Amino acid sequence: MQRSSRILMVIAAVLLLGGFIAPLWRIELHAPQYPEGLGLRIWVNQITGAKPNDLNSINGLNHYIGMRPITPDDIPELEIMPWILAGLAASALIVALARKRSLLYGWVVLYLIGAAAGLGDFYKWGYEYGHDLDPHAAIQVPGMSYQPPVLGRKQLLNFHASSWPDLGGIAAIGAMGLGVAAVAVERRRRKLAA
């Protein structure tokens with residue numbers, strides 16, 4: 001591996017550690033009765049409100065439409081994710097130190113599979129919360145589900161919901177981009193050497 005590829009992998013490892021100090025994802029809800037908005041921050045190991053009482057307010061609103069409360073202790077992914085993120089960061093450093101292209105390619109493939117699996121799990125989580133509703137809820141709209149978007153914006157009754165990567169998630173996307181860039185550097189080097 002070239003020196004530039006190894007440097008990219010070290011930077012990728014550092015960026016991944018950003019997921020331990022900043023939220024990975026954010027979900028925002030805006031409605032006329034909440035002009036300041038409500039929000040969730042999904043961290044590597046917890047879910048919090050954007051503001052101190054937001055999680056409680058969202059759980060209160062969700063109760064009326066029959067959604068289960070969002071209880072971080074009931075989400076096993078929040079116990080697993082720190083290990084996955086730390087493993088990706090450590091393995092990026094191993095790739096840089098080992099200087100083997102095959103490890104670099106394996107890291108990028110593993111990262112892409114993990115990212116796809118993580119987004120799929122996030123979709124499943126949102127689907128279950130938004131569709132598995134209490135049939136005795138105070139507010140029932142036939143045929144309505146309340147699944148927030150995985151990525152982007154969506155109207156849910158009078159709430160405008162949006163879901164985007166937060167700073168830690170942007171850093172993780174950047175780390176993936178650096179891994180792909182390192183692969184491109186190595187492939188270009190092989191073409192020039194041939």
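**Entry 1: the strands**

I began at the hairpin that joins β1 to β2 through two residues. I am working from a predicted model. I looked up the pairing next. Strand β1 covers residues 25-31 and strand β2 covers residues 34-42. They pair in the antiparallel sense over six bridges.

I then followed β2 onward. A hairpin of four residues joins β2 to β3. Strand β3 spans residues 47-49. I found three bridges between β2 and β3, and the two run antiparallel. Ile42 stands opposite Ile47 in β3.

**Entry 2: Glu28**

I picked out Glu28, which sits in strand β1. Which residue of β2 stands opposite Glu28? I found Gly39 there. Is Glu28 buried or exposed? Its relative accessible area is 15%. The cut-off for buried is under 20%, so Glu28 counts as buried.

I looked for a polar partner for the Glu28 side chain. The side chain of Arg41 makes a polar contact of 2.7 Å with the side chain of Glu28. I also listed what Glu28 touches, leaving out residues up to four places away in sequence. The list holds Leu38, Gly39, Arg41, His160, Ala161 and Ser162.

**Entry 3: the cores**

I turned to the nonpolar residues. In soluble globular proteins, nonpolar side chains tend to be buried together. The largest nonpolar core here has 23 residues. Which members touch the most others? I noted Met9, Leu16, Val95, Leu104, Trp107 and Tyr111. Four helices each supply at least two residues of this core: α1 (3-17), α3 (77-98), α4 (101-131) and α5 (167-193). Helix α3 gives the most, with six residues.

I checked Leu16 in detail. Leu16 touches Leu85, Leu88, Ala89, Trp107, Tyr111, Ala172 and Ala175, with residues up to four places away in sequence not counted. I also found a second, separate core of 22 residues. Its members include Leu40, Ile58, Ile75 and Trp125.

**Entry 4: α1 against α5**

I looked at how α1 and α5 pack. Two packed helices are described by the angle between their axes and the distance between the axes. The axes of α1 and α5 come within 8 Å. They cross at roughly 170 degrees. That makes α1 roughly antiparallel to α5, because the cut-off for this label is over 145 degrees.

I listed the residues that meet. From α1 they include Ser4, Leu8, Met9, Ala12 and Leu16. From α5 they include Ala172, Ala175, Leu178, Ala182 and Glu186.

Methods
Residues are numbered from 1 along each chain as its sequence is written. This is a predicted model: local features need pLDDT of at least 70, side-chain atom pairs count only at pLDDT 80 or more; totals for chains, interfaces and linings use all residues. Side-chain values use heavy atoms; hydrogens and water are left out. A nonpolar core is a set of buried Ala, Val, Leu, Ile, Met, Phe, Trp, Tyr and Cys residues joined through side-chain atoms within 4.5 Å. Buried means under 20% relative accessible area, exposed over 50%, partly exposed in between (1.4 Å probe, protein chains only). Contact means heavy atoms within 4.5 Å. Two strands pair if DSSP finds at least two bridges between them. A polar contact is a pair of N or O atoms within 3.5 Å; within protein, one must be able to donate a hydrogen and the other to accept it, and residues adjacent in sequence count only if both atoms are side-chain atoms. Axes are lines fitted to C-alpha atoms, for helices over the stretch in contact, and angles run from 0 to 180 degrees between N-to-C directions. Angles under 35 degrees count as roughly parallel, over 145 as roughly antiparallel, 65 to 115 as roughly perpendicular and the rest as oblique.
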